[in-house]
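Here is a briefing on one protein structure. Look over the chain first, then read the points by topic.

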Amino acid sequence: MEQYLLGIDIGTSACKIAVFNREGEVIATANGDYPVYYPHPGWAEQNPDEWWTAVCGAIKEILQKGSILPEQIAGVGIDGQSWSAIPMDKDGNVLTNTPIWMDTRAADICEELNEKIGADNIFQLSGNSLQPSYSTAKIIWYQRNLPDVYERTYKVLQSNSYIAYRLTGEFTQELSQGYGLHCFDMRTGTWNEDMGKKLGIPKELLPDIYPCHEVVGTVTSKASRECGLAVGTPVVAGGLDAACGTLGAGVIHPGETQEQGGQAGGMSICTDTYKADPRLILSYHVIPGHWLLQGGTTGGGGVMRWLEKQFGDYEREEGKRQGKNSLVLFNEMAEMVAPGSDGLVFLPYMSGERSPIWDPNAKGVFYGLDFSKTKAHFIRSAMEGVAYSLKHNLDAAKEAGAEVSVLRSMGGSANSLLWTQIKSDITGKPIIVPSSDTATTLGAVILAGVGVGMYKDFEEAVALTVENKRSHEPNLQNAQAYEKNYQVYLELYHNLKETMKKTGGR
């Protein structure tokens, strides 16, 4: 009986489940949707129980349509979105919705703690500046605003460790998501009790830390009834979605870099030495002994989904007639516009912005409108704006001593040849595209495969499973138009920063 590996990806808009064979071939996939709630300005939260419901439905679907027996699943790997703060009681109940990575409600708490403890002191230990997007300030927010929830909290979990709990009944924390808490020592990969006390986060709230590929438990009978997996199926700790996607894109050696084109944008540079910069994000990679120097932006593929939702009525109907996806039609329209979008420049700060500016008040902006501009200009300008945010992060990484030669692209945006070429042209970097749609779940199942012994190590796993689909080289003829707009992009934020701050709540 052939053995398979199952990967679970807890994304922002949906979970993605995929089953792979040992060679990395996809046997079956399924998705499960859930909402993001925006109850107040600056808030963005989700209900983890809705994640679990979606995961259970997708697993049952995938087993059925793939004609897969539960006993054929040799191991389960889980990746998840960053910076959750899921308060769990001793019985495993979720006590309130978790703020997600887009949530900036705790900005005032960050300012207070940076002043009280010292922003430099926090950064020196954790390798990351204290920002409202991270888990740290969200826990303090519970203390001050939901004291009943906080008093009943036994452990605080991340997105992937929550799914691991639902499968195994074990409270865990894996290495790659530790960076969400600023009492995590980025050099040693351990909790620092002294900093925890200064921040007001007792160590008892934080689960024990495990390597990402370590088996942390097996599927319980309760979980088996709910999701359809076999009792006793091994489950590994899993990891951060960006880190698993980096692994699934084949990035396991120092200097190799993943470019992320999911809901969020950004990049992850693999390094075997500690490199930290307050403008960027530093986490452990999901493979032992390596870190990821990351740039994470709020404007990635989600920008195009927003445009399509708000302005794509015609393309959706036309797409039905032509048998094409509406985003394919968007792509075709954007191709008709010259590089540089005839001077239309887009700031993709659709939910504040993370690195490298770290401004929760930042807003999306289209600049350069006149009567000559069309919908196609808006679409292409949005693609270019996301690419400028990528370049902004790569420039910061270069200044921090992390040089990048080639990008390995993943996520839904990588399916657009135009958008990928724009990113290559604007950054000046060659881009290699592996199997972009499944890179993240592939990374999760590689962790499972190494954990259960299906692969002897990560080198073997990547050699067997990661296949390059295409490549892009930068077009230097387009560099002049893009460089001019990039300077406008930087100036726009600089000039509008104070205005954005004054109107941040609107």
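A nonpolar core is a set of buried Ala, Val, Leu, Ile, Met, Phe, Trp, Tyr and Cys residues joined through side-chain atoms within 4.5 Å. The model discussed here is predicted. Its largest nonpolar core has 82 residues. A second, separate core has 38 residues.

**Nonpolar cores**

- Within the largest core, the residues with the most contacts are L199, L247, V286 and L447.
- L199 touches L113, I117, I122, T136, I140, H182 and C183, with residues up to four places away in sequence left out of the count.
- The second core, of 38 residues, is separate and includes C15, A30, L63 and C227.

- V286 lies in the loop between β18 (281–284) and β19 (291–297).
- Its relative accessibility is 3%, so V286 counts as buried; the cut-off is under 20%.
- Leaving aside neighbours within four places in sequence, V286 is in contact with S176, C212, G239, A243, C244, L247, L447 and F458.
- V286 and G301 are 15 residues apart in sequence, and their C-alpha atoms are 24 Å apart in space.

- Helix α8 spans residues 241–248 and is mostly covered, with eight of its eight residues buried.
- The buried residues are D241, A242, A243, C244, G245, T246, L247 and G248.
- The axes of α8 and helix α14 (residues 439–452) come within 6 Å and cross at roughly 85 degrees.
- Angles from 65 to 115 degrees count as roughly perpendicular, and α8 and α14 are therefore roughly perpendicular to each other.
- On the α8 side, the meeting residues are D241, C244, G245, L247 and G248.
- On the α14 side, they are A439, T440, L442, G443, A444, I446 and L447.
- Just after α8, G250 takes a positive phi of about 90 degrees.

**Helices α9 and α11**

- Helix α9 (residues 301–311) and helix α11 (residues 326–335) pack at an angle of about 100 degrees.
- Their axes are 11 Å apart.
- Like the pair above, α9 and α11 are therefore roughly perpendicular to each other.
- M304, L307, E308 and F311 in α9 meet S326, L327 and F330 in α11.
- What does the helical repeat imply for residues three or four places apart? An α-helix has 3.6 residues a turn, so such residues point the same way.

**Aromatic pairs**

- The whole structure holds 22 aromatic pairs.
- In one of them, the ring centres of Y154 and F171 are 5.3 Å apart and the planes stand at 70 degrees, so the pair is edge-to-face.
- Y154 lies in the loop between α4 (147–152) and β8 (155–157), and F171 in the loop between α5 (159–168) and β9 (173–174), so the pair ties together parts that are 17 residues apart in sequence.
- F171 is buried, with a relative accessible area of 18%.
- Ring pairs also link F184, W191, Y274, Y284 and W291 into a cluster.

**Arginines over rings**

- The charged end of R187 sits over the ring of Y274, 4.0 Å from its centre.
- Y274 also belongs to the aromatic cluster that includes F184 and W191.
- R105 lies over the face of W141, at 4.6 Å from the ring centre.

**Backbone details**

- The peptide bond from S355 to P356 is cis, with omega near 0 degrees.
- P356 is placed in the loop between β20 (345–347) and β21 (365–367).
- W83 has a positive phi, near 60 degrees, in a residue other than glycine.
- W83 is found in the loop between β5 (73–80) and β6 (86–88), and W83 is buried, with a relative accessible area of 0%.
- D342, again a residue other than glycine, has a positive phi near 50 degrees.
- D342 lies in the loop between α11 and β20, and at 48% relative accessibility D342 counts as partly exposed.

Key: Residues are numbered from 1 along each chain as its sequence is written. This is a predicted model: local features need pLDDT of at least 70, side-chain atom pairs count only at pLDDT 80 or more; totals for chains, interfaces and linings use all residues. Side-chain values use heavy atoms; hydrogens and water are left out. Buried means under 20% relative accessible area, exposed over 50%, partly exposed in between (1.4 Å probe, protein chains only). Contact means heavy atoms within 4.5 Å. Rings of Phe, Tyr and Trp (its six-membered ring) pair if their centres lie within 6.5 Å; planes under 30 degrees apart count as stacked, over 60 as edge-to-face and the rest as tilted. Helices (H or I, at least four residues) and strands (E, at least two) are DSSP runs, numbered from the N terminus. A charge sits over a ring if NZ of Lys or CZ of Arg is within 6 Å of the ring centre and within 35 degrees of the ring normal. Axes are lines fitted to C-alpha atoms, for helices over the stretch in contact, and angles run from 0 to 180 degrees between N-to-C directions. Angles under 35 degrees count as roughly parallel, over 145 as roughly antiparallel, 65 to 115 as roughly perpendicular and the rest as oblique.
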